[in-house]
Amino acid sequence: WIYRIAARYGWSPNTVCKFVGMTFDPQLLDFALTKNNIRRIAALTTTPASSLTSRLARGISKLRASHLRALTAHPGGLSLYRFCSQCLREDEVPYLRPRWRLVTTVVCERHHLPLADRCMNCNGCLQLNFRNSRILTVANRGLALRYCPRCGNPLDPPHQQPVPRRLA
């Protein structure tokens, strides 16, 4: 939800967190929300808190921060954001699933497609800063997660083949 709000208003996720009164840590944001944070986000977005908590990773958030960082970051420390382009295309309002953030998740459970972490056009890692004005036109702010925040092109890999069901 933080990333959606940031995309919608053209702010950085850090700015949204400051506005809500939270500490921004991109590696832990999906997993370290407190009940108070969830209530504040729910109130600001007029979304039921139950809708927010249903999308959070359960159990994983009980790990210490150092373990969560190891599970949600590239070896160099850069936050890891993976995506299934088919899911993002099908979502009414696209969102990144917390499970996709884990280094151990490499295939979309729904489509059996390998998860991507880079734009197929510019080869840049997906980092969610939402400052590219080509992406943040008024018409597509709610759909910003379907586009690379770096080059503005759609995050649609060409002709992606599903992993065999048995392997997935």
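Among contacts in this protein between residues at least 6 apart in sequence, 57% join residues at least 24 apart; here a contact means heavy atoms within 4.5 Å. The model is a predicted one, in which local features need pLDDT of at least 70 and side-chain atom pairs count only at pLDDT 80 or more, while totals for chains, interfaces and linings use all residues. Residues are numbered from 1 along each chain as its sequence is written, and side-chain values use heavy atoms, with hydrogens and water left out.

Let's begin with the overall plan. The protein has 6 helices and 0 strands, so the elements run α-α-α-α-α-α from the N terminus on. Helices (H or I, at least four residues) and strands (E, at least two) are DSSP runs, numbered from the N terminus. Of the 168 residues, 45% count as buried. Buried means under 20% relative accessible area, exposed means over 50%, and partly exposed lies in between (1.4 Å probe, protein chains only).

Now look at the inside. In soluble globular proteins, nonpolar side chains tend to be buried together. The largest nonpolar core here has 31 residues, and those with the most contacts inside it are I2, M22, F83, C84, L96, W100 and L128. Such a core is a set of buried Ala, Val, Leu, Ile, Met, Phe, Trp, Tyr and Cys residues joined through side-chain atoms within 4.5 Å. Helices α1, α2, α3 and α6 each supply at least two residues of this core, and α1 gives the most, with 4 residues.

Which residues of α2 are buried? In this helix, made of residues 13-20, they are P13, V16, C17 and V20. Seen down the axis of α2, these residues fall within an arc of 100°, so they line one face of the helix. The arc is that of the directions from the helix axis to the C-beta atoms. K18 and F19 are exposed on the other side of α2. The cover over the buried residues of α2 includes α1 (2-9) and α3 (35-45). After α2 comes G21, with a positive phi near 90°.

T46 follows α3 and has a positive phi, near 50°.

Most residues other than glycine have a negative phi. H112 has a positive phi of about 60° although it is not a glycine, and N123 has one of about 65°. H112 counts as buried, at 14% relative accessibility, whereas N123 is exposed, with a relative accessible area of 51%.

Next, turn to the charged residues. The structure holds 3 salt bridges; a salt bridge is a side-chain nitrogen of Lys or Arg within 4 Å of a carboxyl oxygen of Asp or Glu. In one of them, the side chains of E90 and R110 meet at 3.2 Å, N to O. E90 lies in helix α6 and R110 in the segment after α6, so this pair ties together parts that are 20 residues apart in sequence. E90 is partly exposed at 38%, and R110 counts as exposed at 55%. D91 forms a salt bridge with R97, the closest N and O atoms being 2.6 Å apart, and both D91 and R97 are buried. E109 forms a salt bridge with R99, with the closest N and O atoms 3.4 Å apart.

What does the buried R82 do without a salt bridge? R82 lies in the loop between α5 (65-72) and α6 (85-90). The nearest side chain of opposite charge, D117, is 5.0 Å away; Lys and Arg count as positive and Asp and Glu as negative, while His and the chain ends are not counted. The side chain of R82 reaches the backbone oxygen of T105 at 2.7 Å and the backbone oxygen of V103 at 3.5 Å.

Note on methods. A polar contact is a pair of N or O atoms within 3.5 Å; within protein, one must be able to donate a hydrogen and the other to accept it, and residues adjacent in sequence count only if both atoms are side-chain atoms.
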